[in-house]
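Okay, thanks for coming, everyone.

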Amino acid sequence: MYLRMIRQSFFEGRKRKALAAITVALAAALITTLLNLSVDVGDKMAKEMKAYGSNIRVVPKSENIPLKIGGVDFNPLKGRDYLDEAELTKIKDIFWSNNIVGLAPFLDVPVEIAGKDAGRVSLIGTYFRKSMPLPSDEEYRTGVRITHPYWQVTGAWPDDESASEVLIGRSLARRLGVAAGDTIGVTRPTEGSGGSAEASYRITGILATGEAEDNAIVAPLGAVQALAGLQGKVQSVSVSALTIPENELSRKAIRDQDSLSTSEYDVWYCSAFVSSIAHQIEEAVINASARPVWQVAAGEGVVIGKLQVLMLVVTLAAFASAAMGVSSLMNTAVMERAREIGLMKALGAAEWQIHLLFLTEAVIIGVVGGILGFLAGSGLSQAVGWAVFGSSLAFHWIAVPVVIAVSVATALAGSILPARSITRLMPVEVLYGR
Amino acid sequence: MDKRIDFDTAAMFASDYSRTSKPVIETDGLTKQFGTVAALDDVDICIREGEFVAIMGPSGSGKTTLLNILSCLDTPSAGTYRLDGLDVSTLTEPERAVIRREKIGLVFQQFHLIPYLTALENVMLAQHYHSVADADEAMEILQSVGLSARASHLPSQLSGGEQQRVCIARALVNEPAIILADEPTGNLDEENEKLIIELLQRLHEDGRTIALVTHNPEMGALADRTIRLRHGKLDG
Ligand SMILES: Nc1ncnc2c1ncn2[C@@H]1O[C@H](COP(=O)(O)OP(=O)(O)OP(=O)(O)O)[C@@H](O)[C@H]1O
Ligand SMILES: [Mg+2]
């Protein structure tokens, strides 16, 4: 009888039910989209965020913890280990060389500014976009303009081959009161027995990075090597590599490379994990230690985490507003069917029997709305995927039950208030048309 | 005219029968207050098994109010009401719902059939809430009110008189202790009214206990006796 009633009343008030289902469907579509996005956004964002910095740092094996205070390297220059600049081409010669987007060497020398009482400042030598000889004879230009795309220069970039063009960090420029086009003199205090090297540089532009370079002078590597007397030496290399997200295997490799079986090692070695690329760089470059820059990865994690919280909030808001919409529609249904409910009560129906009828309708509305919403949302998330990331999002089966369950829950939540009007409804009040 | 005489004989017979049977409805000092209006004021009535009682009185005299309390749809402000030996005046709503489905058959002026259920299903609904829906039994009841040919029609496809007969069938199907009807012919034309009157008369002959609110003196005359209300009090 119950099933008969459900079936027979299915098309009663179908406009209202369709509206309720559409309300649920809209929320379900939004939830589907956000769910698809939040599952995929990790991978997508990681790829996007490669644009915001290098992810492997290569230093000499013996490099101890850098002694940096306020961005100035206080490690004594003498007795330090360096990498050979000539070795850098080998980084472009590893198994995953095509994944190496760029690299930039660094040599950081403490200097004083002539005629200014500015204390010690870093003079950083690097490649801006320098042509690097490759074994394959291809033209390969690389430097911070590729590995550090967020570095912003007001003015011009220095010429990599020049010995006198430099960028000055914006904080330092403000402190010294200098601008692009000005000339500054630097002196390098030599450790131990006296004497000092001096140089005069022309500022081609003001550099803004938001990091330590804002307080430094950045010059072509050759110029700094000459000043420091460290020809052909670099302290560290930043490498930008396209990598795939870490998985169980790569985490195992990071914990203990020796724990991998031969076949696991092969798979790991031939996959573009940041850890395996770092490993290959270590193999290729003499005396090098290559480490993934986990801060970048961690930073990605924080951003993605925040995005997911935001999505959750939006989802909850969609859920709540859909529940409210369903609630008002269901309330209308209860009003419209007040006589029917009054009659059922007069016939001695138990409270739950009447509620069951309306809750079943809510569940049907939830399921129908959920399915429609899921289909619409899947389409929408593909559209968003293409619009935002320029690629499609993977289809996640898990979203199907989740979205339908959430839709049913929405419809049921929307039925709470109407259910209370059912309870409050007195048959005497509706059966005599008062 | 023959019919009138028949009715009177039957009424007399039933009237004699009722004096010896047990009371189904007994009220004592029944009072219903709506704010300052006393819709019912100290009403004592007794309806015995097999009796056919008409409740009459001018508009606003409290007939519907009385019937609602007798149907366990409403509760008295004061006084007691015993139905089939059980004091129901102090029961909670869920308990009254149980009493309604076990003991009461309701016939409404406005029929109150569920629009999306067929005649048969409307009868079965009462069975469903009472115990188990039984299509054969429901069909038998429909047959007894002369509607077997209309069993699969929706209320909108039935005439007023037919709808009222479905309503009566629904009231009968669970064998209630009493059938309570509030102006069952109020919405019907004369011809259909006659059919309903005949039907109620037959039910009475079958030994059913019936309380009927009516403005129609002709209908009132069919009953074993008449309870008259005026301003919420028993009149005479
Ligand atoms: N729910 C209510 N709230 C307030 N007053 C009510 C309510 N129900 C009935 N009354 C009042 O109680 C009195 C009796 O009403 P009731 O409906 O019982 O009269 P009735 O005899 O059935 O009248 P009618 O013949 O017109 O149907 C009337 O004065 C009515 O206004
Ligand atoms: Mg009335």
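Quick definition before we start: axes are lines fitted to C-alpha atoms, for helices over the stretch in contact, and angles run from 0 to 180 degrees between N-to-C directions. Helices (H or I, at least four residues) and strands (E, at least two) are DSSP runs, numbered from the N terminus.

Ground rules: this is a predicted model, with pLDDT of at least 70 required for local features and 80 or more for side-chain atom pairs, while totals for chains, interfaces and linings use all residues. Residues count from 1 along each chain as its sequence is written, chains are lettered from A in the order written, and side-chain values use heavy atoms, without hydrogens and water.

Chain A, then. How do α6 (248–255) and α7 (262–269) of chain A cross? Their axes come within 10 Å, at roughly 105 degrees. That makes α6(A) roughly perpendicular to α7(A), a label covering 65 to 115 degrees. Contact means heavy atoms within 4.5 Å, and here A:Leu249, A:Ser250, A:Lys252 and A:Ala253 of α6(A) meet A:Glu264, A:Val267 and A:Trp268 of α7(A).

Still on chain A, the unreviewed UniProt entry lists residues 309–334, 354–375 and 395–417 as "transmembrane region"; such annotations may be inferred rather than shown by experiment. In the model, 309–334 of chain A is 100% helix, with end C-alpha atoms 37 Å apart. For 354–375 of chain A, also 100% helix, that distance is 32 Å.

Over to chain B. Six strands form an open, mixed sheet, ordered β7-β8-β9-β4-β10-β11; strands pair if DSSP finds at least two bridges between them. β7 (104–107) and β11 (233–234) of chain B each have a single partner strand, so one side of each lacks a neighbour in the sheet. Helix α3 (93–103) of chain B packs on the sheet, touching β7 and β8 of chain B.

Last, the interface. Chains B and A bury about 2,500 Å² between them, meaning accessible area (1.4 Å probe) lost on being put together, summed over both. B:His112, B:Tyr116 and B:Tyr129 supply 30% of chain B's buried area there.

Terms used
Parallel < 35°, antiparallel > 145°, perpendicular 65-115°, else oblique. Buried area = accessible area lost by both parts, 1.4 Å probe.
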